[in-house]
Amino acid sequence: QFGFSSGGPVVRNKTFFFASYEGIRVAREVIYNSVTIAPEMLNGDFSSSPRTINDPTTRAPFQNKRIPQDRFSSASRFFFPHILVPSAPGNRFRALAPQPGRDDNSILRVDQQIRNEQRLYVRWIRYQQRDDNRGYRPEVLRNQDLVQHNLGLNYNWSLTPATLFNLAGGYLQSDTVVLSPNVGQENLTDRGGVRGFPTAGREESIGLPTVTFTGYAGFSHPT
């Protein structure tokens with residue numbers, strides 16, 4: 001965290017200024033310790049699972065908890081590469097990835113003594129926040145950039161020793177841009193053969209659907 005401030009007169013007893021800047025840089029990492037499926041499950045072998053694996057057509061358990069590969073749907077096969085597999089013992093996906101943060105805050109103010117009984121100041125604040133956010137695996141990334149502009153005006157007129165006229169106004173503009181190199185590239189639901197997700201007019205939002213597995217890490221792209 002660092003910054004500076006400065007202020008003083010521009011015109012003696014008439015015009016004054018103040019300016020400041022503050023910056024924050026956060027160096028951090030996100031720790032991955034996700035529970036993954038056993039790799040052999042992608043071949044239909046669920047013998048390591050404590051659950052009973054039933055055939056949805058007959059309701060009878062699959063023999064030895066093994067699903068024949070000719071029963072796999074083409075859609076599920078398509079998404080196999082996106083499923084987390086272990087990188088550490090105990091069917092765990094473990095990794096470290098940088099997730100930095102950055103804040104910038106600037107202030108500028110000018111005060112004007114119009115007459116002995118009249119004063120005016122104008123103030124501008126600019127705030128910017130930039131963050132990198134990691135998804136279910138390190139290469140799934142989302143960048144968020146927030147920029148705010150805050151303008152303020154204040155005018156005081158001492159009409160009499162007992163009467164003060166005050167006029168104040170403010171304006172706030174906030175823009176947030178969220179981008180991801182993983183989103184808007186491919187319509188993976190369509191390529192996988194999953195229908196019912198209209199994307200016309202939302203081409204910049206196509207990508208990987210959100211899929212959850214009970215007891216294991218699922219997958220998704222940033223929203």
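Which residues form a nonpolar patch on the surface? I looked this up before anything else. Leu-108, Trp-124, Leu-151 and Tyr-171 form it, and together they have about 360 Å² of accessible area.

Leu-108 sits in strand E5, residues 101-115. Its relative accessibility is 38%, so Leu-108 counts as partly exposed.

**Confidence**

I noted that this is a predicted model. The protein chain has an average pLDDT of 94. I found that 100% of the residues score at least 70. Confidence is lowest in helix H2 (residues 188-191), with a mean of 89. Confidence is highest in strand E2 (residues 15-26), at 97.

**The core**

I turned to the interior. In soluble globular proteins, nonpolar side chains tend to be buried together. Here the largest nonpolar core has 17 residues. Tyr-136, Leu-208 and Phe-219 have the most contacts inside this core. Strand E3 (29-35), strand E4 (92-98) and strand E10 (216-219) each give the core at least two residues.

I followed Tyr-136. I left aside its neighbours within four places in sequence. Tyr-136 is then in contact with Tyr-32, His-82, Leu-84, Leu-208, Gly-218, Phe-219 and Ser-220.

**Val-85**

Where is Val-85? I found Val-85 in the loop between helix H1 (74-79) and E4. Val-85 has 35% relative accessibility, so Val-85 counts as partly exposed. Leaving aside neighbours within four places in sequence, Val-85 is in contact with Thr-36, Leu-42 and Phe-93. Leu-42 is 43 residues from Val-85 along the chain, and their C-alpha atoms are separated by 9.6 Å.

**Salt bridges**

How many salt bridges are in the whole structure? My search gave 10.

I looked at Arg-25 and Asp-104. Their side chains meet in a salt bridge at 3.1 Å, N to O. This pair links distant parts of the chain, with Arg-25 in strand E2 and Asp-104 in strand E5, 79 residues apart. Is Asp-104 buried or exposed? Asp-104 has 7% relative accessibility and counts as buried. Arg-25, at 35%, counts as partly exposed.

Next came Arg-28 and Asp-131. Their salt bridge spans 3.5 Å, N to O. Arg-28 is in the loop between E2 and E3, while Asp-131 is in strand E6 (residues 118-134), 103 residues apart. Arg-28 is partly exposed at 35% relative accessibility. Asp-131, at 17%, is buried.

I went back to Asp-104. The side chain of Arg-102 also meets Asp-104 in a salt bridge, at 3.0 Å, N to O. Through shared partners, salt bridges join Arg-25, Arg-102, Asp-104 and Arg-130 into one network.

Key: Residues numbered from 1 in each chain as written. Predicted model: local features only at pLDDT ≥ 70, side-chain atom pairs only at ≥ 80, totals over all residues. Heavy atoms only, no water. Patch = residues over 30% accessible without salt bridge, like charges linked within 9 Å, V, L, I, M, F, W, Y side chains within 5 Å. Areas by Shrake-Rupley, 256 points an atom, 1.4 Å probe, with all protein chains shown as cover. Salt bridge = Lys/Arg side-chain N within 4 Å of Asp/Glu carboxyl O. Helix = DSSP H or I, 4+ residues; strand = E, 2+ residues; numbered from the N terminus. Buried < 20%, exposed > 50% of the residue type's maximum accessible area, 1.4 Å probe, protein only. Core = buried A, V, L, I, M, F, W, Y, C linked by side-chain atoms within 4.5 Å. Contact = heavy atoms within 4.5 Å. pLDDT = per-residue confidence, 0-100.
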